[in-house]
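Here is a protein chain to explore. Please walk me through its fold, step by step.

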Amino acid sequence: MVEVVLVVAIVLLVAGMVGSVLPAVPAGGFSLAGVWVYALFGSEPLGPLALGALTLAAVGTVVVDHVGGPVAARLGGSSNRTAILAGVVGFVLLFVLGPVGIIVGVVGTVFALEVSEGADAETAARRAVYTAAGVLGSALAQLLLTGTILVAFVVAVVVF
């Protein structure tokens, strides 16, 4: 018989993978919850090495989720203020335009703020593209991390 806690943990880990490509869904949080639900309530111990590695990977996913876009904006030359406002506008437009709203909001906000602060159109466009690449790269990194967490968890719990 399949253990209910194991099923719940795997559902949370899969939700983490799905959340990595859906904005405003805490991918790392779901993955971390899945690992710890099993660690606390599962019938078989996870082992300190596996638990530590999976926890570290999930925390890394949370960090990537929160800093990917702003770091890319800063690396592209945008100010902290621009990066923060772009993140807020992208989040708001998520509810208006769906997932496309994040890209439109971030790129449009970075471009508009850069132009309003005196940057030429080419510089503003370059900074907006850097920021968009950071947002998309962050989602890809989250997907790879949460997928790795899921596979490693299944190997640690089911195989070994």
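The questions below move from the whole chain to single residues.

Q: What kind of model is this, and how are its residues numbered?
A: This is a predicted model, in which local features need pLDDT of at least 70 and side-chain atom pairs count only at pLDDT 80 or more, while totals for chains, interfaces and linings use all residues. Side-chain values use heavy atoms, with hydrogens and water left out, and residues are numbered from 1 along each chain as its sequence is written.

Q: Which pattern does the protein chain follow along the sequence?
A: The chain holds six helices and zero strands. Helices (H or I, at least four residues) and strands (E, at least two) are DSSP runs, numbered from the N terminus. Read in order, the pattern is α-α-α-α-α-α.

Q: What percentage of the protein chain's residues count as buried?
A: The C-alpha atoms fill a box of roughly 65 × 30 × 20 Å, taken along the principal axes. Buried means under 20% relative accessible area, exposed over 50%, and partly exposed in between (1.4 Å probe, protein chains only). Of the 160 residues, the buried share is 36%.

Q: What share of the contacts with a separation of 6 or more joins residues 24 or more positions apart?
A: A contact means heavy atoms within 4.5 Å. Among contacts in the chain with a separation of 6 or more, those between residues 24 or more positions apart make up 66%.

Q: Are α1 and α2 roughly parallel or antiparallel to each other?
A: Helix α1 covers residues 4–21 and helix α2 residues 27–41; their axes lie 7 Å apart, at an angle of about 170°. Axes are lines fitted to C-alpha atoms, for helices over the stretch in contact, and angles run from 0 to 180 degrees between N-to-C directions. Angles under 35 degrees count as roughly parallel, over 145 as roughly antiparallel, 65 to 115 as roughly perpendicular and the rest as oblique. The pair is therefore roughly antiparallel.

Q: Is the crossing of α1 and α2 left-handed or right-handed?
A: Residues of α1 including Leu12 and Gly16 meet a set in α2 that includes Phe30 and Val37. A crossing is left-handed if the near helix is turned anticlockwise from the far one by less than a right angle, and right-handed if clockwise. This crossing is left-handed.

Q: Which helices do the buried residues of α2 pack against?
A: In α2, Ala27, Gly28, Ser31, Gly34, Val35 and Tyr38 are buried. They cover an arc of only 130° around the axis (taken from the directions from the helix axis to the C-beta atoms), which puts them on the same side of α2. On the other side, Leu40 and Phe41 are exposed. The buried residues pack against α1, α3 and α6.

Q: How far apart are the end C-alpha atoms of α5?
A: Helix α5 runs over residues 99–116, a stretch of 18 residues. The expected span of a helix is 1.5 Å times one less than its number of residues. That gives 26 Å for α5, and the distance in the model agrees: 26 Å.

Q: Which helices are included in what covers the buried residues of α5?
A: The buried residues of α5 are Gly101, Ile102, Gly105, Val106, Thr109, Val110, Leu113 and Glu114. Seen down the axis, they fall within an arc of 165°, so they line one face of the helix. Their cover includes α4 (80–97) and α6 (121–159).

Q: Is the crossing of α4 and α5 left-handed or right-handed?
A: The two axes come within 7 Å and cross at roughly 145°. Among the residues that meet are Leu85 and Val89 in α4, with Val106 and Leu113 in α5. The crossing is right-handed.

Q: What is the relative accessible area of threonine 61?
A: Threonine 61 sits in helix α3 (residues 48–75). Beyond residues up to four places away in sequence, threonine 61 touches Ala27, Gly28, Gln142, Leu145, Thr146 and Ile149. Threonine 61 is buried, with a relative accessible area of 0%.

Q: Is proline 48 buried or exposed?
A: Proline 48 also belongs to helix α3. Its relative accessible area is 76%, so proline 48 is exposed.

Q: Is arginine 127 buried or exposed?
A: Arginine 127 is placed in helix α6. Leaving aside neighbours within four places in sequence, its contacts are Gly76, Gly77, Ser78, Val110, Glu114 and Ala119. Its relative accessibility is 19%, so arginine 127 counts as buried.
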